[in-house]
Amino acid sequence: MGKKRKHSEANVAEPPKKDSDAPERPKRTLLGWKDPTPTETKEIESSSPIFRNKEKVLVTCSRRISYRYRHLMLSIVSLLPHAKKDNKVESKESKGATLNELVELKNCSSCLFFECRKQKDLYLWMAKCPNGPSVKFMVDAVHTMEELKLTGNHLKGSRPLLTFSTNFDKDPHWKLLKEMITQIFGTPKEHRKAKPYHDHVFAFSLADDHIWFRNYQISVPHNESDKVDRGGLDKITLVEVGPRFCLNPIKIFGGSFGGPTLYENPFYISPNEIRALKKRKAAGKYAKKVKAKTRRKMHELENPLEADEFADMWKE
Amino acid sequence: MVVRKEDPTLSDEDMMEDNETGDLYEEESELESESEEDEDVKLAEPSKTSIYNKDGLLDKLGDISWPENVGWIHKLSINIDQEQEVDVNDDSAREGSFSILALKGTRQAFENLQSMGLPFLRPSDYYAEMVKTDSHMEKVKGRLLAQKKQIEEADERRKAREAKRIAKEVQSQKLKERAKQKKEDIESVKRWRKQRQQSGFSKDNNEADEMSLAFEDGKAFERSNKRRPGVAPGDRSGGKARQFGGNGKKGMEKNKKKRDNKNSKFGFGGRKGLKKQNSTETTDDFRGFNKGESTGNKKRKR
């Protein structure tokens, strides 16, 4: 469990994290302490409030999660330096209030909850706490980082570049999902564990109404660390590193782990239903056979064969 | 037995209705075709009772999004056009489109970063903890090397097969050549004899012109190149005159001498047939047969 936090700190997490109420601290970069004023004009166009990304993600799972999904969760924890991994939650507690309390306790602003049902189906809850929207996804096509076919590697904790397909801007629910993904999967700039260079890229594509996640390592021949040669940009190669998964949104809720339903995927069929359909199809085999037999009999009765002239030829 | 209704769309819509908690605005979303990943079950039409609260969604979006003037450096997100419809069941095309998306995004991002003047490329001497451990990367390397070796071996095997086939062809060619040559030689001798018969064995000087035969090139008799150990060049005894000169030889040395002789005369392996080979000198040579050694049954294995 997390350390006991003072109430004052809890209050700081409450107000929207857009504006920082704390006095302006000199920005801490790898090169030393820089005063905010010169960098401010370069990076942020606003005048007074400095934007500090204080995103923290709590990553948990339900009990009875299978090994593949557990490894997926661990891969994601290692990809996101601003994530905290917590213990497994009981299945009874996987709804609503308890998870929200847990997130509050850990002083996190969002949550990734991996729920595994029947040890076969994995659902991912992505929620902004305390009162943000939450999404429930169905996860498919999971490949973890340990697969030997995924040969890339990158710094642990370096900030990823996020690429989205423009299809995300076509509908409001995709726009909302894109914003949530940007906030959750993007490493905050001044995070303690964030490493300086950008050597990997997350690709979120939208195909067939699923969100496909890929993580690639960027390798480009270079000499200096802040310039690429003229032809260098054409020689970028991407090697796949990280886990792969495919998300199918089921429902979007207005509150965190609950609240009014804002969006429901009309084409979603739950895996239970799919399995039931399959079984029903297979179960109908005998009935179909019986039907076919009776049909054949009726057909024969209605269309009797003509008497065969040669039927008696070989009879003695 | 009851025959059940087997129309998936209808039954699913019934189920959807049961689960429904219809709320504010019930709008039907546009017809998009969708399929599950593993089991390819599509709902032909969207479920009629799904919710799509556009205003609520946009409200929430406004709630959570960061202020507009936050610099790009915080978000680091790029939007790339991905217009072509990708068939998600075609693995290579799908992965190709994803990596193209990432590639284009990276290019744009690098241009942005470069214009900002921030360091973004890892120098070669920067060592830090990587997301996959070194031991794991060793395994990856091992697998890649094993794959490469497999490919190379397959290539080599194929080449060896090809080479063998070609060698076989060449060999058969050579044999044919030799047979032909032999035939030619014999034919030419026959012809020569016929010629001589026809011209009545007259030993004119015209013979030299008429019968220039292939094998009479004017070459004298040439000795073969085979050298036999222990045999003088002018020896006409077949090499066995000196054979049992020294008697106190041990078994191995005798065998070695025997092998050497046979190898030099017949090439490696010796002669297969023609085991009876006495010459004039060796007919009466009984030095090799020790007195009294072969008493007893000759057929007994020694």
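**Touring the interface of chains A and B**

Four salt bridges (a side-chain nitrogen of Lys or Arg within 4 Å of a carboxyl oxygen of Asp or Glu) are counted between chain B and chain A. This is a predicted model, where local features need pLDDT of at least 70, side-chain atom pairs count only at pLDDT 80 or more, and totals for chains, interfaces and linings use all residues. Residues are numbered from 1 along each chain as written, chains are lettered from A and ligands numbered from 1 in written order, and side-chain values use heavy atoms, without hydrogens and water.

Select Glu95(B) and Arg214(A). Their side chains form a salt bridge at 2.6 Å, N to O.

Next, select helix 4 (91-116) of chain B. Helices here are DSSP runs of H or I, at least four residues; strands are E runs, at least two; both are numbered from the N terminus. Helix 4 of chain B gives the largest share of the side that touches chain A, 16 residues. By class, that side has 43 nonpolar, 22 polar and 27 charged residues.

Now show strand 1 (77-80) of chain B with strand 8 (residues 161-165) of chain A. They pair in the parallel sense over four bridges; pairing takes at least two DSSP bridges. Asn79(B) sits opposite Phe164(A).

Finally, color chain B by pLDDT, the predictor's confidence in each residue, from 0 to 100. Its mean is 74. Residues 1-40 of chain B are below 50. The model scores ipTM 0.73 and pTM 0.63.

Terms used: Contact = heavy atoms within 4.5 Å. Nonpolar A, V, L, I, M, F, W, Y, C, P; charged D, E, K, R; others polar.
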